[in-house]
Amino acid sequence: MPSDSDELKLILSHACDLYNKAEVSGKAFFTKFLTPSDAADIEARFPQKEIPLCFYGGYDDAERKIAVFGEVYDQSEYPVSAVIVRQKGGRELSHRDYLGTVLSLGLKREMIGDIIVQSDGAIVFCLEEISHFVADSLTKIANSGVEARVCAVGDFEAPERKYEKITATVSSLRLDCVVSAATGKARSVASQLIARSMVMQNYKVTESVSKGVMDNDVITVRGVGKFLIKTDGRLSKKGRVCIEINKYI
């Protein structure tokens, strides 16, 4: 088993401190925004027998979330806000445009959650403590004028995540077979991508071509895209496994 990175050790140490504080005080304590991989590590290592543990990102499909140690009784207790950004004109802005501008304000990535890009703007989830600073600072993004305001996360309906859906069949639910189907590349090419550490399963790099893929696994292929895999194990008439590949848009 690979050892934890120094960054993960710091995250887990901080999480341990919050767990202990919640246990002693009976109050809830919160991390900053975590990557899906870091959230999975925290969930796997902290027992919930004494202290409840949940994750919150501002909306149901959030990828980046804060970890919450202790009981939360109302949504308003979560230290997460949404900054609603609207364009005043110019070209349609990308996720990279928004993220780059927000980080150029001198903020660390852990302060910012998901950014949902829309046709006329975006929703930027962030820690409540910086929300007004972000909203007041966002006046222009990539030479396009914008206006921004802070909104409580419960006061708007976040749009559902969009996917490009593809149905396929695979000989088995091995990672190389699924990557081949998702990318449209030969299985040998998919194997090479995996061996070169260009494939992540549930946000962790894996170099095992034979690793099994489960229902709701997220497969990320560097330079190609990210895919949510759905399967109930149903077989086709030819005995192949039916899967639904949902490519993130």
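## A mostly covered helix

Helix α5, which runs over residues 175–183, is mostly covered, since eight of its nine residues are buried. In this predicted model, the buried residues of α5 are Leu175, Asp176, Cys177, Val178, Val179, Ser180, Ala182 and Thr183. The cover over these buried residues includes helix α6 and the strands β9 (163–170), β10, β12 (218–221), β13 (225–230) and β14 (241–248). Just after α5 comes Gly184, which takes a positive phi of about 75 degrees.

## The chain as a whole

The secondary structure of the chain comes to six helices and 14 strands, and the C-alpha trace spans about 55 × 50 × 30 Å along its principal axes. Of the 249 residues of the chain, 43% count as buried. Among the contacts with a separation of 6 or more, 59% are made by residues 24 or more positions apart.

The accessible surface of the chain comes to about 13800 Å², and carbon and sulfur atoms hold 48% of that area.

How far apart should the ends of helix α1 be, at 1.5 Å a residue? The 20 residues of α1 (residues 6–25) should span 28 Å, and because the end C-alpha atoms are 29 Å apart, the model agrees with that expectation. After α1 comes Gly26, whose phi is positive, near 80 degrees.

The buried residues of α1 are Leu8, Ile11, Leu12, Ala15, Leu18, Tyr19 and Ala22. They cover an arc of only 120 degrees around the axis, which means that they lie on the same side of α1. The buried residues of α1 pack against β1 (29–30), α2 (36–45) and β3 (66–69), whereas the face of α1 turned away from the buried side carries the exposed residues Asp6, Leu10 and Val24.

## Two residues with a positive phi

Most residues other than glycine have a negative phi. Ala142, although it is not a glycine, has a positive phi of about 50 degrees, and it is found in the loop between β7 (140–141) and β8 (144–152). With a relative accessible area of 32%, Ala142 is partly exposed.

Ser197 is not a glycine either, yet its phi is positive, at about 60 degrees. Its place is in the loop between α6 (187–195) and β10 (199–201).

Which residues are in contact with Val241, leaving aside its neighbours within four places in sequence? They are Ala168, Thr169, Val170, Ser171, Ser172, Leu173, Thr231, Gly233, Arg234 and Leu235. One of them, Ala168, is 73 residues from Val241 along the chain, while the C-alpha atoms of the two residues are separated by 8.4 Å.

Notes: Residues numbered from 1 in each chain as written. Predicted model: local features only at pLDDT ≥ 70, side-chain atom pairs only at ≥ 80, totals over all residues. Heavy atoms only, no water. Helix = DSSP H or I, 4+ residues; strand = E, 2+ residues; numbered from the N terminus. Expected span 1.5 Å × (residues − 1). Buried < 20%, exposed > 50% of the residue type's maximum accessible area, 1.4 Å probe, protein only. Arc of directions from axis to C-beta. Contact = heavy atoms within 4.5 Å. Areas by Shrake-Rupley, 256 points an atom, 1.4 Å probe, with all protein chains shown as cover.
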